[in-house]
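User: Hi! Could you walk me through a few local features of this model?

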Amino acid sequence: MEYTATEKAAVIATCRKWKHPMAVEKAFHLLNEGDTILDYGCGKHMTLMYKLGDMGYDAEGHDLSLFYWHGRKVLSSRYDVVIASNVLNVQPDNKRGIEVLEELEGLARHLIIFNYPNSPRKWKAPAWWVRHLASWVMRDWNLSHMYYGSGTLTVATRGTNLLRKGREK
């Protein structure tokens with residue numbers, strides 16, 4: 001997926017250092033020992049990626065602001081789990097949102113965790129529309145949505161895997 005220079009600058013400008021637990025952490029109980037994890041949209045601070053590493057997971061990060069660091073290597077691999085925290089909400093429109101969902105699906109083997117917070121939002125789509133698009137793009141996945149104080153958390157598992165700790169690989 002290629003962004004225009006303006007789109008890329010706008011997405012990178014949303015990067016901030018998180019000091020509080022992130023919404024996607026509500027699904028960490030679904031992670032298994034030995035999972036390879038991609039923090040898609042990790043931001044220049046790589047907060048979640050480092051946290052996952054400290055928890056003993058093999059975690060890598062990808063972000064537009066770090067493209068020079070990982071290049072396309074990260075996006076040409078597949079991961080057991082792909083996490084996208086505060087990524088969809090900073091996309092400029094439906095086209096980019098769908099491209100991100102397609103990329104997440106292509107990168108993940110078993111589990112995708114993403115959120116769509118109420119704020120900040122560059123993509124002005126309502127949460128129900130994002131859930132609908134995710135169901136359409138990830139039609140071979142089981143999707144579960146959870147509402148939290150400031151948005152929607154979505155967990156997608158591939159095939160017949162159920163949303164439970166100890167999902168089979």
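This is a predicted model: local features need pLDDT of at least 70, side-chain atom pairs count only at pLDDT 80 or more; totals for chains, interfaces and linings use all residues.

User: Is methionine 46 buried or exposed, and what is its relative accessible area?

Analyst: Local features need pLDDT of at least 70, side-chain atom pairs count only at pLDDT 80 or more, totals for chains, interfaces and linings use all residues, and side-chain values use heavy atoms, leaving out hydrogens and water. Methionine 46 sits in the loop between β1 (36-40) and α2 (47-54), where helices (H or I, at least four residues) and strands (E, at least two) are DSSP runs numbered from the N terminus. Methionine 46 is buried (under 20% relative accessible area, with exposed over 50% and partly exposed in between, using a 1.4 Å probe and protein chains only), at 10%.

User: What is the phi of methionine 46?

Analyst: Most residues other than glycine have a negative phi. Methionine 46 is not a glycine, yet its phi is positive, at about 55 degrees.

User: Which loop holds asparagine 86?

Analyst: Asparagine 86 also has a positive phi, near 55 degrees, without being glycine. Asparagine 86 is buried, with a relative accessible area of 17%. Its place is the loop between β3 (79-84) and α4 (94-107).

Methods. Residues are numbered from 1 along each chain as its sequence is written.
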